[in-house]
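Please keep the picture at hand as you read.

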Amino acid sequence: MTDQKPHLPPEIDTTVAHSARVWNYWLGGKENFAADQVAGDAYRERYPLIGTFARESRDFLRRTVTYLARDARVDQFLDLGAGLPTVNNTHEVAQRINPAARIVYVDHDPLVLLHVHALLTSTPEGATDYVQADMRDTDVVLDGAAATLDLTRPVALVISDVLGHIVDWDEALSLVRRLTDRLPSGSYLALSHSTAGDDAHRAVQEEYNKSGAIPYISREPEMTVAFFEGLEMVEPGMVSWPNWRPDANTGTTTERAGWGAVARIP
C-alpha cells in the first residue's frame, strides 16, 4: 500500500504513524499508510505477540457486545473512541442479535470520519450514527448521542481500549465517571484497557510513545478496576481479555495483553 489515497483532509499526516491506523494494520485492515506499516512492523518485530493482543482486544469487544445485546437485552450502544472500521464493529454484533438496536459511535479522528460510511450501515429496523467529538467533551458526546439514542432508557457505554491515549490518570477516570453518572439506571459500562505484562512489552511501548505517534499509556488492572467503582460487576468481573466469558472462537494464546469488565449502572 502506498500513501496515494485521494481526497484526504489536509489535517491527516500520512508521514507519521497513527495508533488507530497501526491497530488497523495489525488487524489486517486496509485503512493505513506506509508510516503505519513501518511502525507496526517494527513493533511486531520486537514484540511478536502484539498482533495477537490486537485480535484478543477485538474479540473481547465482540463477546461483551454480544452479552449486552443478547443477555442484558440492551438495545442502545454508545461506542466511545470507535476507531477505524474493521471486523465485528459494535453495530454489526449488536444488530445481528437485535436488528432494532441503535448505535452511536464517537471519535475525533478525521480519518475515521473519512471512512464513517462503513460504521453507518444499519439494518432497516435499527440506526447508527456518528458524533465527531473529543471523548473528553462529555457534554458534546451526550448531546450528540441524544439525537439517536433515548438517554432516559438504558444505554451500553462501550470504551474499548482507548483510555490509554489519555495520559493523565485522573482525567481518564473523571471522563468515565462523568458519563456513567449521567446514564440512567440499568445502563452498562463495557470497558477494556491494555496492560504491559512484561519488561519487553513495556520497553517497546515506551519507544513507540517517543516516536512522535500518539502515545498509549498501559495501566495494570489494579489501577483500571477503579473505572468500575460504584457499579455492579457482571461475572466474571475484571479479568484478562481471553477469560471474559470465552466461547468457541476465543483465543487462549496469552492472558497478558489487557483486562476488561462489564458492569451495570445501579
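**Pockets, helices and backbone**

Helices here are DSSP runs of H or I with at least four residues, strands are runs of E with at least two, and both are numbered from the N terminus. Before going on, note that this is a predicted model, in which local features need pLDDT of at least 70 and side-chain atom pairs count only at pLDDT 80 or more, while totals for chains, interfaces and linings use all residues. Residues are numbered from 1 along each chain as its sequence is written, and side-chain values use heavy atoms, with hydrogens and water left out.

How are such spaces found? Rolling a probe the size of a water molecule over the atoms shows where empty space is left. The search uses a 1 Å grid over the protein atoms alone: a cavity is a set of points where a 1.4 Å probe fits but cannot get out, and a pocket is an open set with protein on both sides within 12 Å along at least five of seven lines. Lining residues have an atom within 4 Å of a point. Grid points are joined across faces, edges and corners, and a volume is the space filled by probe spheres set on the points.

With that in hand, return to the largest pocket, whose volume is about 940 Å³. Its lining counts 49 residues, and those nearest the centre are Ser 19, Ala 20, Asp 161, Val 162 and His 165. Helix α1 gives the largest share of this lining, six residues. Sorted by class, the lining has 25 nonpolar, 17 polar and seven charged residues. Here Ala, Val, Leu, Ile, Met, Phe, Trp, Tyr, Cys and Pro count as nonpolar, Asp, Glu, Lys and Arg as charged, and the others, Gly among them, as polar.

Most residues other than glycine have a negative phi, and most peptide bonds are trans. Asp 161 has a positive phi of about 60°, although it is not a glycine, and its place is the loop between β4 and α7. Elsewhere, the peptide bond from Glu 235 to Pro 236 is cis, with omega near 10°. You will find Pro 236 in the loop between β6 (232–233) and β7 (239–240).

The second largest pocket holds about 220 Å³ of space. Both α2 and α8 supply at least two residues of its lining, and the largest share, five residues, comes from α2. Among the lining residues are Ala 39, Tyr 43, Arg 46, Val 204, Glu 207 and Tyr 208. By class, this lining has eight nonpolar, two polar and two charged residues.

How do α2 and α8 pack? Helix α2 (residues 34–46) and helix α8 (residues 199–209) pack at an angle of about 160°, with their axes 10 Å apart. Axes are lines fitted to C-alpha atoms, for helices over the stretch in contact, and angles run from 0 to 180 degrees between N-to-C directions. The angle makes α2 roughly antiparallel to α8, a label for angles over 145 degrees. Their crossing is right-handed, meaning that the near helix is turned clockwise from the far one by less than a right angle. In the contact (heavy atoms within 4.5 Å), α2 brings Ala 39, Tyr 43 and Arg 46, and α8 brings residues including His 201, Ala 203 and Val 204.

Two other helix pairs can be read in the same way. The axes of α3 and helix α4 (residues 90–97) come within 9 Å and cross at roughly 35°, in a right-handed crossing. Leu 61 and Val 65 are among the α3 residues that meet α4, whose partners include Val 93 and Ile 97.

Definitions and conventions. Angles under 35 degrees count as roughly parallel, over 145 as roughly antiparallel, 65 to 115 as roughly perpendicular and the rest as oblique.
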